[in-house]
Amino acid sequence: MLSIENLRVVYHEVISVLNGISLKVIDGEVLVIIGANGAGKTTLLRSISGMIKMFDGDILDGDIKMDGQSIKGLDSTDIMQRYRITYVMEDRPIFQYLTIEENLRVAAYSRWDSRVKEDMEEIYGYFPVLRTLRQKKAGYTSGGEQQMLAIGMSLMTKPRMLLLDEPSLGLAPLITEELFRIIGKLNQAGITIILVEQNAVAALGIATRGYVVENGRVVLEGTAQALLENKDVREFYLGSGEKERKSYKDAKRYKRRKRWL
Amino acid sequence: MVDLIQTLGSGILVGLVYALLGLCVVIIFKASEAFNFAIGEFLMIGSFLFYAIFFNGTLPWHRVLPLGILVFLFIALVLWLDRRIRWLVTAVLGLAGGAIVFALLFFGLKLPTFLPSPMIRFLVALPLALAAAGFVGVMVERLTIKPLLGRSPISMTIVTLGLGFFLRACVQLIWGSGSYSFFLHLPDITLEAGDFLFLSDPIWAGILSLISFALIILFLFRTRWGLAIRAVSEDQAKAMAFGIDARFILMIIWAISSICITVAGIMISNFGALSATSGIVGLRAMPVVLIGGMDSIGGALVGGIIIGLCEALAGTYIEPLGLIGFKDVAPYLVMLIVLFIRPYGLFGTVRIERV
């Protein structure tokens, strides 16, 4: 189990992004984190994966524990190799000048076992289109294929936990649907998934639980079903609130509540 | 006609050495987007290390002692800051490093006594010098470049400028400002056919540079580390997200770069002498990479050959007209013309930015 306790993170020593966020991730679940732009979702994933320093960020306070052991301040390579937590960055984290096959091979860099080829075949099984394109440079493939490659690359690291940052960004609805189906399949294969998504409907559709994050704090948590049914969440994140427009006073009250929670 | 072919041949041979120098700049630029302005100083240090091993170039104790102390401080600082090893271990390892360097330069390896044959001595001294040069590259990267990972490439470039001044001062302090005779006496492979004559030393320089170039290409495109280097070159953050230790990869890149600069330095020094000002040749890498493209490996080869040809043609056809010294200006002139037409060089990646 992964637990985050009162985490405070700043960028460039002054820009405070996470302001004491706390949450828990249970093994084997799909946890969705939703929130507006700038709420701190990506920063949270960067902090868990040990990538925060790479972006000139610092963890000021709080702790991140994996199975009771603190992983705060560890290097991203240590976190990946020792705890098998893989972070799939937003905006298709692939290497454009490498071929699809080279991308998959380089993702297995931290492994020294001899099963790399077999795992590559398994990924081609999940994403058959990658097999046909394997000698093509990744930069010349479509957005959907690149996202599939990104997830395939993360699987090459043999993760126990996947941190997916907006995997549906810029993808057509049909491809997004296929992508979420595969994410669900990966979870069934035993991989715990933390999913940060703007497309909250699709994400909550495959999730076990979810957190709503605003201003670097958790303002709401619950099962995916409970969040889907929550009036405020429907209004502000799912875009499917009541037909009548809310008054300015109501919206302001909700925003104030978000700030104080 | 004979003159022209002779000039072109010589230009290509020297151009291959420049291409190797250019490659050393390109691989560092690809990995960190920083330009290594200390290339000339690395060239000097590598060449002096080879000189010390191959010619048994010993020095008096008052010159070697500062170097021993410097090596001790470098090793101790790197181990202490980078690995957080206990101070006693750092001190012992640092002392060992300093003592080895002191012994090497004060007593010498006495290779000329044990191995009188220049070729065998060359084959023994070259790997030793390259290993030492690689070690220098690693030390410098750990102390000056690694702490800047994730920061702006400009800061790394500025650090290499300062590093250049520091290393040059160190070389002058230790080896002084005099010239050292540097003839390797490698087997004579002078090519003489009809009116054509290609001297042995430039041919050796061309062959060794080409071999080094090919080995780097093989390393980059056929090995696991090479693949990781190419990934880090594209995006350090993405590479780290997939468990590639970008810091370690950067260290390897600096070591390889330092090794190749040393090969080029040895070949260039073999044309004449070695001194604390030999590093100026390293600046030839600048027109090479700007013509070929800052991030293009193939471009470094083409750029190197263009600069070599340019120098040779200017030396044969323009300098006799009275423009003495034009040979040194011509490469920069060609560079300016190419940059006017193609600002990213002949094979450089054009960056498209949305505005």
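Helices α9(B) and α11(B) are roughly perpendicular to each other, because their axes cross at roughly 105°. Those axes come within 10 Å. The model is predicted.

Which residues make this contact? From α9(B) come B:W225, B:A228, B:I229 and B:V232. From α11(B) come B:A246, B:I249, B:I252 and B:I253. By class, the contact has eight nonpolar residues, no polar ones and no charged ones.

## A second helix pair

Two packed helices are described by the angle between their axes and the distance between the axes. Helix α11(B), residues 246–269, also packs with α6(B), residues 118–145. Here the axes come within 7 Å and cross at roughly 135°. The two helices are therefore oblique to each other. The crossing of α6(B) past α11(B) is right-handed.

The α6(B) side of this contact includes B:A129, B:L130, B:A133 and B:G134. It also includes B:E141 and B:R142. Among the α11(B) residues they meet are B:L250, B:M251, B:W254 and B:T262. By class, this contact has twelve nonpolar, five polar and two charged residues.

The table sets out the two pairs.

## Where the chains touch

How many residues does each chain give to the contact? Chain B gives 16 residues and chain A gives 24 residues. On the side of chain B, α9 (224–234) and α10 (236–241) are the elements that give two or more residues. The largest share, six residues, comes from α9(B). By class, the side of chain B that touches chain A has eight nonpolar, two polar and six charged residues.

## A covered strand in chain A

Now turn to chain A. Is strand β9(A), residues 209–214, mostly covered or mostly open? Strand β9(A) is mostly covered, with six of its six residues buried. In a regular strand the side chains alternate between the two faces of the sheet. In β9(A), A:R209, A:Y211 and A:V213 point one way. A:G210, A:V212 and A:E214 point the other way. All of these residues are buried.

Strand β9(A) pairs with β3(A), residues 30–34, in the parallel sense over four bridges. There, A:L31 has A:R209 as its bridge partner. Strand β9(A) also runs antiparallel to β10(A), residues 217–223, and six bridges join the two. In that pairing, A:R209 stands opposite A:T223. The hairpin of β9(A) and β10(A) has two residues between the strands. In this hairpin, A:N215 takes a positive phi near 50°.

## A four-stranded sheet

Chain A also has an open sheet of four strands, in the order β2-β1-β4-β5, with antiparallel pairing. Which strands stand at the edges? They are β2 (15–25) and β5 (69–70) of chain A. Each has a single partner strand, so one side of each is left without a neighbour in the sheet. Strand β1(A), residues 2–11, runs antiparallel to β2(A), and eight bridges join them. Within this pairing, A:I4 has A:L23 of β2(A) as its bridge partner.

Notes: Residues numbered from 1 in each chain as written. Chains lettered and ligands numbered in written order. Predicted model: local features only at pLDDT ≥ 70, side-chain atom pairs only at ≥ 80, totals over all residues. Contact = placed C-beta atoms within 7 Å. Nonpolar A, V, L, I, M, F, W, Y, C, P; charged D, E, K, R; others polar. Axes fitted to C-alpha atoms, helices over the stretch in contact; angles between N-to-C directions. Parallel < 35°, antiparallel > 145°, perpendicular 65-115°, else oblique. Left-handed = near helix turned anticlockwise from the far one by under 90°. Buried ≥ 20, exposed ≤ 12 C-beta atoms within 10 Å, placed from the backbone. Pairing = 2+ DSSP bridges.
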